[in-house]
Amino acid sequence: MGRCSFCVRWSYGGILCPNCAGALEAWKKEFRVCLLCGRLMSKDISLELCPRCLEEKPPFRLARAVGPYRGLLKDVILEFKYKGRRSLYKPLGYLLAQVVAAEPLFGKPHVIIPVPLARERLKQRAFNQAELLAREVGRLLGLKVVEHILLKERDTTPQAGLSRKERWANLKDIFTLEAPSLIKGQDVLLVDDVLTTGATATACTIVLLQAGARSVSVATLATGVF
Amino acid sequence: MIPSQNKIFCWQGYLYFFVLGGRLKVGFSHRPGLDRGFWEARGARSFELLSPQLNLGVAHFLVKNIYSRGLDQRLSPHQLKCRLEALGRRFGLSFYFQPADPPLPSPPEEELKLVREILSGRLLFLEEVERALEENGIKIGSSLPDLLHYLYLQGECELWPAVAFNDQGLPFCQRCGGREKLFKARCGACGSQFCYVCEDCLELGEARSCRALYARAEWKRNLKQYIRPHFLFPLHPAQREAYERVAEFVTQGREPRCLVWAVCGAGKTEVACGAIAAALSQGREVLYASPRREVVKEIYPRLKEAFPGIRIAALHGETSLKFPPAELVVATVHQVLRFYQRFDLVILDEVDAFPLTGDSRLYYALERCRRAYGQVLYLTATPPPKLVIEARRNTLPVVYLPARYHGYPLPEPELFVLRNFKAQGRLPFPLQKFFQLSLVADRAQVMVFVPTVELVQDTVSWLRSFFGAEGEKCVQGCYAASPEREEVLTSFRRGAFPVLVTTTVMERGVTLPRLNVLVLFADHRHVFDENTLIQLAGRAGRSSEYPRARVGFVARKISPEMAKALETIRWFNCMAREKGYLKSYI
């Protein structure tokens, strides 16, 4: 018996109590997943791909998330990312690892790379949430984690609150890769906290593919809803 | 240049040493030129720096330990370097000399004075000092980190890492005293692997090894003046006696602590005003701390009314001004973490309540906010066992307040022993009678307490089945996390429905004029301990309109806690009767 990692109530098994586990799974009754970008669509929409992917396929092979960026998951991510409760990396990393393990299309990536923060933002926040998540996922799935090779050259306006067009413009030529030999010919799993428009994931994927990665798939804690 | 409000100041600096009066001294600084200027003005020579850059936690540990182990004056710089490396081995450090920065002039004295005053009685991060300056309309032109560091050099303030290392190299939080929830990972701000973050006090901002806390004890005293609180109603004799006794406790100043053991609804706040008035009259500063924001919001206007000429500040999570000047501060316990040796009198309301109970961090903060010879006054209806033991041993003076302001005795709980009462298919006769008397005869409302959240809905459904078609209108339930909690409570307070089923979240702070209390599964010892049962019973009979309220404890058997709660309530009634504080119902 231990305490639930989210609500701190006593629970009999697992890292989450039945209430929190149920809250995280509740979206499955309401939404279906875009097979490509992993964003959520109402079950009324019978298409396999979301309108955005139908319009233009993203460069990454696939993306999946633990759930939508709302409710309990959103509260916990905010606590983790903005309040700095770093210890949440463990239960969140576990949930993310479960998503990767449960989706056969991920296969077995060779290497995990976290989405970087720019130096100034890293100094300000004092930690990169994607790095902590990536390490935990790597530890649980027995995958190699490569940090500090995908770099963000400069700080940008925080993506939160920008329109889709503004996000794309925000991220132009932002990411660079050092030591491309580490990912040449490899299947890369890119890890981040939230995927909304996919602009960040796309920008990182392009850089990784240009450097010779065989494929890039994306795992995030939360994703957007159409 | 003052750092932007959006940036957090990460303390990174260097160790340095110099010789002064033939003695070797070691220090640390984020701007060594400032220290060089300071010490050379006092005759220091041979000022040298040691690289690499360290975060404040590591630098502070090294300097503290090198002094505690004795700094031999005959040490050469190289030997000193080796000593530091030995101490720093756990951090994987090796040092090398580097040229010292040129000396810098001291900051302007007027600005030092302004910052010193704003910091008095407080323990703050740099950003909080900045905010305090802004709230008080003070502008400074020099670098705030430099000003604060210079005050530290002058001995006018203390400089601590927010998370420091003890002599054994183990981390602990200097802001909240926490030692358990310390998270270690490579810090993106200072780049060190040995930068710990305290997750216990995150709600007040991040405490890390590379963040500096600046602390300064409050030195000044206010002018003495005669202060007499203004009350809307005269004090009841029981309140008057307690009022005089707590005023005497403060005036004489002989005892460091005192317990006011009052029954629920006795009017403790008015009694505390006696101690507050006595302290303010002596030019002292007072803190009234409560574990709950609702209590701070409720007490603040009452104290403002009682002490119209005094500056009073309310501090809780929702207040926008965090650093107002005030002689009397009403704050939640978490806000107290920002004070340092400021108060001569600390009043702890509901000392037995969460988050104080079993939370040594908050006791640590409450001790730290008190001046060296400051006094503490505990207010509660249900003191924790530790205080009860001290009271019985006469090591803690106690002021009893055994009667309510209206002068009627406390309702004594009736104990109903009922086995499997829910499985009987009908409302057991004792409970039928209880509800009939409450709802029909007395026209009172009933709060039904159950031990767990899961039982709330179950009990609501069960009770509704006995009210027929009106069941849904008559019986509602709520608990701490229920989304409609506020709406249900507001409706209940308005009298929209007569029966509310809830958990112990409502054990305090609820006052309704005609209210009876029923506790189901009262023998659930993990939830219903003696103090909780007393608090629950204390919801009933608080108003003079309906002092003879009913309280029932329903259980499979009478637990020791139920028996002790009843005994304590009877003991207070007996004490009040003996002292002549009670009216009869006739």
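**View 1. A glycine with positive phi follows helix 8 of chain A.** Just past the end of this helix, A:Gly212 adopts a positive phi of about 110°. Keep in mind that this is a predicted model. Helix 8 itself covers residues 199–210 of chain A, 12 residues in total, and spans 17 Å from first C-alpha to last, close to the 16 Å expected at 1.5 Å a residue.

**View 2. Helix 8 of chain A is largely enclosed.** Of its 12 residues, 9 are buried, so the rest of the structure largely encloses this helix. Among the buried ones are A:Ala199, A:Ala201, A:Ala203 and A:Cys204, along with A:Val207 and A:Leu208. The threonines A:Thr200, A:Thr202 and A:Thr205 are on the buried list too.

**View 3. Helices 5 and 6 of chain B cross at roughly 105°.** Here helix 5 (residues 126–135) and helix 6 (residues 144–154) bring their axes within 10 Å. On the helix 5 side, B:Leu126, B:Val129 and B:Glu130 do the meeting; their partners in helix 6 are B:Leu144, B:Pro145 and B:Leu148. Sorted by type, the contact residues give 5 nonpolar, no polar and 1 charged.

**View 4. Strand 5 of chain B is covered on both faces.** In a regular strand, side chains alternate between the two faces of the sheet. In strand 5 (residues 122–125), B:Arg122 and B:Leu124 sit on one side, B:Leu123 and B:Phe125 on the other, and all are buried. Strand 5 of chain B runs antiparallel to strand 12 (residues 212–216) of chain B, with 4 bridges joining them. Look for B:Leu123 opposite B:Ala215 of strand 12.

Technical notes:
Residues numbered from 1 in each chain as written. Chains lettered and ligands numbered in written order. Predicted model: local features only at pLDDT ≥ 70, side-chain atom pairs only at ≥ 80, totals over all residues. Axes fitted to C-alpha atoms, helices over the stretch in contact; angles between N-to-C directions. Helix = DSSP H or I, 4+ residues; strand = E, 2+ residues; numbered from the N terminus. Contact = placed C-beta atoms within 7 Å. Nonpolar A, V, L, I, M, F, W, Y, C, P; charged D, E, K, R; others polar. Expected span 1.5 Å × (residues − 1). Buried ≥ 20, exposed ≤ 12 C-beta atoms within 10 Å, placed from the backbone. Pairing = 2+ DSSP bridges.
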